[in-house]
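I opened the model this morning and kept notes as I went. They follow in the order I looked things up.

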Amino acid sequence: MHPPEPAAEARRSDTPRATSAGGIVDRLLLTLTLTGPGATDLGYLLHKHPDRVQEFSLPFGKAQVFYPEAEPERCTAALMLEIDPVGLVRRGAGGGFALAEYVNDRPYVASSFLAVGIVSVFKSALAGNCKPRPELAATALPFEVEVPVVPARGGADLVRRLLEPLGYAVDATPIPLDPQYPEWGNSRYVALKLAGTVRLAELLSHLYVLLPVLDDEKHYWVDDTEIEKLMRRGEGWLPDHPERELIVKRYLKHQASLYAPATAQLQALDAEGADDDAVDESTADGVEAAEANLEGSVLLRDQRLDAVEAAVKASGARRVLDLGCGPGALLRRLIRGGYESVVGVDVSIRALELAARRLKLDLLPDEQRARITLLHGALTYRDERLAGYDAAVLQEVIEHLDEPRLAVAEQNVFGTARPGTVIVTTPNAEYNVMWPSLPAGAFRHRDHRFEWTREEFQAWGARVCERHGYRVDYRPIGPLDETVGSPTQMAVFTR
Ligand code: SAH
């Protein structure tokens, strides 16, 4: 599981990066117009002042927001993205902790750049927040959107089928391959104009989901967090959309292991109405099923949980930290283990919310409830709350941290929190060749910063022991292959 999206709006960059020439997609533009009296309220709604050009750095380049017009009756904001192919390759590099960089959303797909631009630059608006004028965010207003070039497999017709049911007047004009040679026919791009009276958050959610759906780019590795994004951004409109099946399939890149659970969730919604609890349970299970599938074996996840749970138990710990707990698969087991205190920590609020619901914290008897805590926190910040525990688990977490952040997290866990036992699991990269569906050299999850061989993991472990005074013991998890080892590797550090 991965943190779903930047928790904060993208950082304004002080030093604009140079854009390399020669990228396939260099610039993408989207304009958003509010008409009628009070049109300049658009500035409040977007949290971007109409008088300024503002620039933001994104994992793949930079974004600018500016207002080509700001009249009392008509105000237009433009979001322009410049893609930097070099920055793309260096994904995640660079020092300093920046959440927006860590959780770069879906950086590799042409039209998805716009989706990332929207979620990064207009995060608050997408969430329906407008602190200075909350009533504006809650009101349907007359908006117009223009995207001059939209990749659309399925053409103008599909554009209309996707957007008209959501209440927009749609103008989708096919762009010819070459205007000089009309006989060549149309390209797969359309010029898109939309007009509708909607809440801004709805409008941005529609674009966030549907632009990548129209693009239908298939060549990248999606993981289970996409289900969660789709469900969240599709809330309130996707379940009833006549093209919902196509939307789900395309959004999840035609991967049955992902769209099957997503479709099941939507069907659960149909069957049970909006019964919160039922839906959330199925979300968590669907997510888990999808992850298990990606790893080639439904069992691996369970075997990992078994191994980690056993290692915690064997350590004799009474007070346990689950660092990077995600939606709480391990916590669910630990709270049944009779521990004095179990604490789940994650940087993703969404993951913590899922964990809270799936642990049914609100239904636990007080005495049991008192023994479990969920903390929002980043391992890359020194955190005094993590001191005084007997054991800490980092299950499938370290590979999400790039080198500088891993070094900080290491110091915080082994140096500052210093529990008697630290249990770390991470993929064994050598085993990846056993999964034919995983392209050679690819990671198991898009968000992984590295996947180590056994030797690399052990080299890291040895350095940790040296620096912080621990001993370590390595164990394989999952089926053991003679040559490449097991899919998951575990290290148990003791002080
Ligand atoms: N331990 C869980 C989840 C693994 S996915 C399991 O095995 O099922 C990795 C988790 O680490 C995600 O939930 C992510 O939000 C969390 N994470 C990543 N970087 C983090 C950081 N710097 N601080 C805390 N949590 C982090």
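**Salt bridges**

I began with R382, which makes a salt bridge to E384, their closest N and O atoms lying 3.3 Å apart. My cut-off for a salt bridge is a side-chain nitrogen of Lys or Arg within 4 Å of a carboxyl oxygen of Asp or Glu. R382 is exposed at 59% relative accessible area, and E384 also counts as exposed, at 53%. For these labels I take buried as under 20% relative accessible area, exposed as over 50%, and partly exposed as in between, with a 1.4 Å probe and protein chains only.

A note on what I am looking at: this is a predicted model, so local features need pLDDT of at least 70 and side-chain atom pairs count only at pLDDT 80 or more, while totals for chains, interfaces and linings use all residues. Residues are numbered from 1 along each chain as its sequence is written, and side-chain values use heavy atoms, with hydrogens and water left out.

I found D473 partly exposed at 37% relative accessibility, and R475 partly exposed at 34%. Salt bridges with shared partners also link D41, R133 and E135 into one network.

How many salt bridges does a search of the whole structure find? I got 20.

**Helix α9**

I then went to R232 and E228, whose side chains meet in a salt bridge with 3.6 Å from N to O. Both sit in helix α9 (residues 225-233), and because they are four residues apart there, about one helical turn separates them. Helices here are DSSP runs of H or I with at least four residues, strands are runs of E with at least two, and both are numbered from the N terminus.

Are the two partners buried or exposed? E228 is buried, with 5% relative accessible area, whereas R232 counts as partly exposed at 22%.

I checked the rest of the helix too. Eight of the nine residues of α9 are buried, so I wrote the helix down as mostly covered. The buried ones are T225, E226, I227, E228, K229, L230, M231 and R233.

The axes are lines fitted to C-alpha atoms, for helices over the stretch in contact, and angles run from 0 to 180 degrees between N-to-C directions.

Helix α7 (residues 155-163) and helix α10 (residues 244-251) have axes that come within 10 Å and cross at roughly 110°. That makes α7 roughly perpendicular to α10. The crossing of α7 and α10 is left-handed. I call a crossing left-handed if the near helix is turned anticlockwise from the far one by less than a right angle, and right-handed if clockwise.

I also looked at helix α17 (residues 403-417) and helix α18 (residues 454-468), where the axes come within 11 Å and cross at roughly 50°. That makes α17 oblique to α18. I noted their crossing as right-handed.

**Surface patch**

Which residues form a nonpolar patch on the surface? I listed L177, Y181 and W184, with about 340 Å² of accessible area together. Patch members have over 30% relative accessible area and no salt bridge; like charges are joined within 9 Å and nonpolar side chains (Val, Leu, Ile, Met, Phe, Trp, Tyr) within 5 Å. Accessible areas come from the Shrake-Rupley method with a 1.4 Å probe, and for residues only the protein chains shown count as cover. L177 is in the loop between β6 (169-176) and β7 (186-198), and counts as exposed at 52% relative accessibility.

H47 has phi near 60°; I placed H47 in the loop between α1 (42-46) and β2 (54-58), partly exposed at 31%. K360 has a positive phi of about 50°, lies in the loop between α15 (349-358) and α16 (366-369), and is partly exposed at 28%.

Last, V121 in helix α4 (residues 112-121). V121 is buried, at 0% relative accessible area. From V121 to S57 I noted 64 residues in sequence and 9.4 Å in space, C-alpha to C-alpha.

Terms used:
Angles under 35 degrees count as roughly parallel, over 145 as roughly antiparallel, 65 to 115 as roughly perpendicular and the rest as oblique.
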